[in-house]
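My entries are below, in the order I looked things up.

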Amino acid sequence: MPLSWNEIRHNAHAFAKEWAGETSEDSEAQSFWNEFFSVFGVKRRTVASFEEPVKNLAGNWAFIDLFWPGTLLVEHKSRGKSLDKANSQAMEYIRGLKDAGRDDEIPRYIVVSDFASFALHDLEADDTVAFSIANLYKHVDAFAFIPGYKQHSLEPEDPINIRAVELLGDLHDALEDGGYAGHELERFLVRILFCLFADKTGIFERDAFSLYLQNHTRVDGSDLGIHLERFFHVLDSEENKRQKNLVEDLADLPHVNGELFRERLPFAEFNRTMRDQLIRCTHFDWSEISPAVFGSLFQSVMQPKERRQVGAHYTSERDILKVVRSLFLNELREDFEKAKGNKNRLKAFHDKLGGLRFLDPACGCGNFLVVTYRELRLLELDVLKALHGGQQVIDIHNLSCVDVDAMFGIEINEFPARIAEVAMWLVDHQMNQRLSAAFGQYFVRLPLRKSATIRHANALRINWEEVLPADDCSYVLGNPPFVGKKARNREQQADMEHVFGQRSGELDYVCCWYTRAATYINGSQIRVAFVSTNSITQGEQPGLLWPSLWAANIHIHFAHRTFNWQSEARGAAHVHVVIIGFGQYDRPGKLIWDYEQNADNPVIVQARHINPYLIEGTNTVLQSRRQPLCNVPAIRFGNMPNDDGNYLFTDEDKTAFLAANPKAAELMRPFLSTREYIHGIRRWCLWLKDVPPDVIRSLPDVRERVRRVREFREASTRPTTRQLALTPAMFGEIRQPSTRFILVPRHTGEARRYIPMAYYEPTNIIGDSCLFIENATLYHFGVLHSAIHMAWVKIVCGRIKSDYRYSNELVYNNFPWPPSPTDKQKAAVEVKAQAVLDVRDSYAGSSPAALYDPLTMPASLSRAHAALDRVVDACYRSNPFGSDRVRGEYLFEMYEALMAPLTANLEKKPKPKRQKKTKENES
């Protein structure tokens, strides 16, 4: 009876294990090939002979190393020798056979080898497969001719790619359009995906799924749904309980179990096109897919075709590994290195690995759990090699103590939850193949007796203890959803209120997971790491989130400062994120990964304490202040028109308006808003403040605009806006400077190294998209245009998307200015600040957007800013700052020192007595 492919793979592992490390002599070649044929259950001497004589081109007799007439020719070389010469000799032997009239003996296959590597040439298909002996088990199907298996003329296998997913997406859409939808469709496709993977990885016999579809179903697809359900039912049946008269292709299927095929589904109705699509999917090499992207890739299958962007949900493994390594893997690897050489310590360490439990409370398709499990199994494999590497292992089935039941997840959507379970089985099988290769024995966990626990539920509404008791949990990790306040739907807003009550404010949705995690890990040594939008470390959010976490005794253990969370999809937007690791206890050796200077090679620094802005510092968060912390000019908002556009004009609008109303020229003033200022666009406004009523009445078009403003305000639902209808000729809010001022854009792109500010005269009306500072000297201008102020902005500033949102109360009013600069230092700043202005004036035709674009910034302006940076830094300390992170840490130390006496005074003040309620004070 011929061997099964699983038995052949088992033998291939053993063969590779035996010969991989040998310093083999040429004399051993015959033993090598005898054992090679035994891998396939064939005795070499029954089909092939050694040293077959044949004449070469020179007419001399030569000898083929191994010859199977009509089938195989083998040319063998010493280990490490070039196989090119072996290929040339083999082709010369074939010509010799032809010249001798032995055409019927010319083989289809040529194999050349040097003990360590193989190259198999299929002369009929004009195809070559090359691989090392260690990877023989992956390519045994290429030698199907040795045990006599039929060579099926399937299309060449392509690596799993977007086309395969598109085919599945088309199949999904066709089934859904035909009425096969919802839970049944999702479960059905998950089974299909498992079978595609199993077909190429040894879980099934070679191409069992593909061949069953081709050989047992009608070409019109009419009976495909019935056969698929039959196929699934057999996978769920124990071998000894199956019907005796099953067709062989079904009887040979393994018992998979794991509840994947347990549920009975309605038959899916197929047609010819749908059948062709499914069979085409079997032609891809699904063994090469990374389970880490498996779930996200196929979640895209479930999107309607018109909205599908294949790969849009990919999460880069590189970035997932940042979490996994920082949270536990680096430390476990260090422990392993310390245990090496001590068998007892290694065994204890191995037992520790087997006892670890992981929870992802927003697991999606399981990417984080998959990578975690894979890395844990790879570490375990290294441990097993250290324990048993020099010994013969009789049975590897009991070696591994790390299994998929160590992984737990919570996912709000059903399909990702189910796909996560399958992804865990896939990575488990891949790791079992690694174990097989390492110890020369075939290892597969079938039937599936254990599985990851993926709970289909809302993680913000259930008790995590129901999924994994905290006493059993080791680590919590994941990538909870990022949803800002304005983007939340009703359900998410209700979740926020459920977690935070009415105090959620500007917090991002992801913050809910921090609060829930703090509750879950209470009183434990569990460590947590979440990927989060970097907005939770900026603006108002640290002050809203962290005081309650500190009250729960939460400490930050490590942090990755802002970096781009990459998607592997073409055209997918990058998201700016941070990674925060924390626990309910303090620990030494805190680390900060800083990506400021090199996104691929971050600087790693040790910290005694990490604050919510992810720099070294104490538990300090900024609160909004009405007045500057230091003795500097106040900053204010500009004027808000609240006019529905009636008082604002472009150049063209102004020209047309004044052509009809020339007497209104004196009422026109330049209008400054962030967008127009940054991009050098001129804008104008009708400024009617202090304009006599009779002048307005004498200009009909001006009066008409005033009337329209009144109607616009009267129609508002806001009482304050309706009140403004009483003074329709005025801007809604007027805060116009009376002296020269600095314009500060409230919003500006993060790519600019500096926020471009400028001086203006009060004849320019400033809009509320800008801030302004009156009575500001060149010294103030210089400090605000410096690298150290920008370091503060980067850390503290809120964002819209990735753009800075400069806040008067949070950023400017809390900024620690140089504590006691000398007159000489201030003068130096003023000189360098004027130099910046002078360079800008020399490019009078260029907008701030062009001047401060990193690609087009003039070298002279860059040098002027660098000189300004140096003199401003010197106002803070004599030693130069190495990076913006260091500048930020220094500023936070200053901030804490400045705040200390203010906090002390507040604590000394007696609390006011509560008044008794009376009708008078109630009113």
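What follows are my notes, topic by topic.

**Ground rules.** I'm working from a predicted model, where local features need pLDDT of at least 70, side-chain atom pairs count only at pLDDT 80 or more, and totals for chains, interfaces and linings use all residues. Residues are numbered from 1 along each chain as its sequence is written, and side-chain values use heavy atoms, with hydrogens and water left out.

**Overall tally.** I counted up secondary structure and got 30 helices and 28 strands; these are DSSP runs numbered from the N terminus, H or I of at least four residues for helices, E of at least two for strands. I then looked at burial, and 55% of the 923 residues count as buried. My cut-offs there are under 20% relative accessible area for buried, over 50% for exposed and partly exposed in between, with a 1.4 Å probe and protein chains only. For contacts I used heavy atoms within 4.5 Å. Among contacts with a separation of 6 or more, 72% come from residues 24 or more positions apart.

**A four-strand sheet.** I traced an open sheet of 4 strands, in the order β18-β26-β22-β24, with antiparallel pairing. Two strands pair here if DSSP finds at least two bridges between them. Which strands stand at the edges? They are β18 (635–637) and β24 (758–760); each has a single partner strand, so one side of each has no neighbour in the sheet. Neighbouring strands in this sheet are turned by 35 degrees against each other on average, direction ignored. The axes behind that angle are lines fitted to C-alpha atoms (for helices, over the stretch in contact), and angles run from 0 to 180 degrees between N-to-C directions. I zoomed in on β22 (residues 741–745), which runs antiparallel to β24 and is joined to that strand by 3 bridges. L743 stands opposite A758 in β24.

**Cysteines.** I searched for disulfides, taking a pair of cysteine sulfur atoms within 2.5 Å as the test. The count came to 0. I checked two cysteines for burial anyway: C195 is buried at a relative accessible area of 0%, and C770 counts as buried at 0% too.

**Rings.** Next I ran the aromatic search on Phe, Tyr and Trp (its six-membered ring): centres within 6.5 Å make a pair, planes under 30 degrees apart are stacked, over 60 edge-to-face, and the rest tilted. That gave 56 aromatic pairs. I opened Y109 and F145, a stacked pair at 3.9 Å centre to centre with 10 degrees between the planes. The two residues are 36 apart in the chain, with Y109 in strand β4 (residues 109–113) and F145 in the loop between β6 (127–132) and β7 (158–159). Y109 is buried at 4%, and F145 is buried at 9%. Then I looked at F815 and W817, whose ring centres are 5.6 Å apart with planes at 70 degrees, so I logged the pair as edge-to-face. Both F815 and W817 are buried.

**Charges over rings.** My test was NZ of Lys or CZ of Arg within 6 Å of the ring centre and within 35 degrees of the ring normal. K322 lies over the face of F563, at 3.7 Å from the ring centre. The charged end of K654 sits over the ring of W684, 3.5 Å from its centre.

**Positive phi.** I looked for these since most residues other than glycine have a negative phi. D690 has a phi near 65 degrees; this residue is in the loop between β21 (684–686) and α20 (693–697) and is exposed at 66%. N775 has a phi near 60 degrees. N775 is in the loop between β26 (770–774) and α23 (778–784), and is exposed at 59%.

**Two helix residues.** Buried or exposed: what is Q541 in helix α17? Q541 counts as buried, at 8% relative accessibility. Setting aside residues up to four places away in sequence, Q541 touches E506, L507, D508, C511, S535 and I536. I finished on A864 in helix α28 (residues 859–876), buried at 10%. A864 and D838 are 26 residues apart in sequence and 9.4 Å apart in space, C-alpha to C-alpha.
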